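Look over the chains shown below and follow the helices along them. The text after them takes a few helices in turn.

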Amino acid sequence: MSGYYFSILQGSLVSAAVALTSLAIAVALGLLTAAARLSKNRTSVYVATAYATVMRGIPELVLMLLVFYGGTMGLNQLLQMMGSSTSVDINPFLAGVFTLGVIYGAYMSETFRGAILAIPAGQAEAAQAFGMSRRQIFFRIILPQMVRYALPGFSNNWLVLIKATALVSLIGLHDMTYLAKQASAATRQPFVFLLFTGLLFLVFTSLSLWGLRKLNDKYSLGTRQVVLL
Amino acid sequence: MKWDVIFQAENLALYGEGVVTTLGLLFSSLLVGGVLALFMAIALTERWKWLRLLVGAYTYVFRGTPLLIQVYLIYYGLGQLEWIQARWDEVWPWTYFKDPAFCAVLALSLNTAAYTAEMLAGAIRETNPGEIEAAQAFGMNHWQVMWSVTLPSAFRRTLPAYGNEVIMMLQTTSLASAVPSLIDLTSAASRVYAKFYLPFEAYLFAGLMYLLMTFALSGMFKLLERRYLAFLAPRSSNV
């Protein structure tokens with residue numbers, strides 16, 4: 001019995017790895033897309049907007065199945081065309097992380113775009129007047145202030161992302177949800193194992209909420225809080 | 001790419017069935033979840049401390065765990081409990097727990113209720129104090145204020161966020177495909193994939209259908225917002 005709990009606990013590390021790796025991809029893609037949407041280049045605005053719109057309109061699961069099964073088939077066809085007779089399977093970790101990263105990149109881009117727009121234009125102009133380069137303006141003026149505006153949306157996306165990692169169990173990655181289902185099938189006691197997994201997720205989300213609140217307090221130092229009575 | 005396979009009558013019919021199931025799941029869980037959310041939002045903003053804590057704990061747990069786990073818990077997990085086992089063959093409400101559609105709708109409803117309740121509670125808390133004072137000055141009692149002033153205005157202000165929630169829910173219904181024997185749009189695609197081994201066509205087509213439904217829903221909410229949030233729009237100069 002306790003062996004199953006232990007294996008689910010180990011699976012939680014896989015879930016955490018999926019979540020963190022997807023987050024890294026999502027943040028990178030989100031920043032890039034936000035920059036593209038705010039740029040003056042028409043084509044990049046269209047491409048970025050289309051990406052953000054389409055990705056937010058398709059369920060994670062459908063895209064994950066598409067990447068996993070379609071990717072495997074595409075890769076094998078490619079290998080065949082190159083004359084190789086070996087067949088490969090796409091690693092479910094890569095497929096899952098790629099899908100979640102691409103989807104949450106679209107959500108992140110919305111958050112980041114809003115955050116960049118929330119910074120008064122005068123700030124960038126003032127920095128320009130000081131002779132800063134575009135790179136300097138971004139890293140010294142925009143980015144530090146953006147964090148504050150982006151944090152609430154970022155927190156939301158992260159919490160949704162953590163929960164979305166459960167989907168990788170459906171393409172066969174041995175994350176905690178997959179292991180919980182296996183333990184359920186083996187012992188015919190699905191209730192306790194699923195409840196345990198749910199609790200682990202709750203621990204993850206609670207820890208994140210706590211950490212993000214600390215971060216939020218730090219980045220909104222010195223801003224005026226208005227309280228309606 | 002073999003798109004003609006997708007457009008064979010029987011496969012289109014399968015997708016059609018999937019769309020109907022998906023929309024059925026969506027609207028029934030929005031209805032049940034919406035009613036639950038209304039009561040929970042009131043509980044979250046009223047002064048009954050224990051009820052507030054209880055509902056707060058409920059929304060915390062349901063918003064902090066994946067829907068997939070909730071679906072599994074209801075569909076597979078409850079069957080482990082002897083108390084349910086003793087009843088689900090005969091005793092009335094419990095017989096539903098053998099029905100996959102019921103379990104899916106239950107999980108989706110409980111999930112969306114938690115999100116919607118918090119959203120609505122936020123809007124209720126942010127009601128302009130002046131509106132409430134004015135209503136009190138008219139001699140309205142607590143529930144009259146709630147029913148004719150606070151709630152109507154809170155509903156309106158929740159509309160944009162609720163639109164997002166509805167679109168998220170549409171995508172979330174795809175998890176119902178994890179419950180066997182329920183053919184929603186995603187499981188329809190999986191069946192077509194398994195039968196013809198055409199992953200790109202099968203899932204891309206389903207993705208396209210989801211996208212169309214998303215656009216339709218977001219268009220609908222734009223219209224609703226234009227109608228019900230007209231008083232918040234910037235005043236145009238040429239009226």
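**A helix, an interface and a crossing**

Helix H7(A) is followed by A:Arg188, whose phi is positive, near 55 degrees. Helices here are DSSP runs of H or I with at least four residues, numbered from the N terminus. The model is predicted, so local features need pLDDT of at least 70 and side-chain atom pairs count only at pLDDT 80 or more, while totals for chains, interfaces and linings use all residues. Residues are numbered from 1 along each chain as its sequence is written, and chains are lettered from A and ligands numbered from 1 in the order in which they are written.

H7(A) holds twelve residues, 176–187, which at 1.5 Å a residue should span 16 Å; its end C-alpha atoms are 16 Å apart, which agrees. The expected span is 1.5 Å times one less than the number of residues. Among the buried residues of H7(A) are A:Met176, A:Tyr178 and A:Leu179 (buried: 20 or more other C-beta atoms within 10 Å of the residue's own, placed from the backbone). The buried residues pack against H1 (2–38) and H8 (190–219) of chain A, together with H4 (67–77) of chain B.

Between the chains, 31 residues of chain A are in contact with 32 residues of chain B (contact: C-beta atoms, placed from the backbone, within 7 Å). On the chain A side, H8(A) gives the most, with ten residues.

Within chain B, the axes of H2 (9–45) and H7 (100–125) come within 6 Å and cross at roughly 40 degrees.

Terms used: Helices (H or I, at least four residues) and strands (E, at least two) are DSSP runs, numbered from the N terminus. A residue is buried if 20 or more other C-beta atoms lie within 10 Å of its own, exposed if 12 or fewer, and partly exposed in between; C-beta atoms are placed from the backbone. Two residues are in contact if their C-beta atoms, placed from the backbone, lie within 7 Å. Axes are lines fitted to C-alpha atoms, for helices over the stretch in contact, and angles run from 0 to 180 degrees between N-to-C directions.
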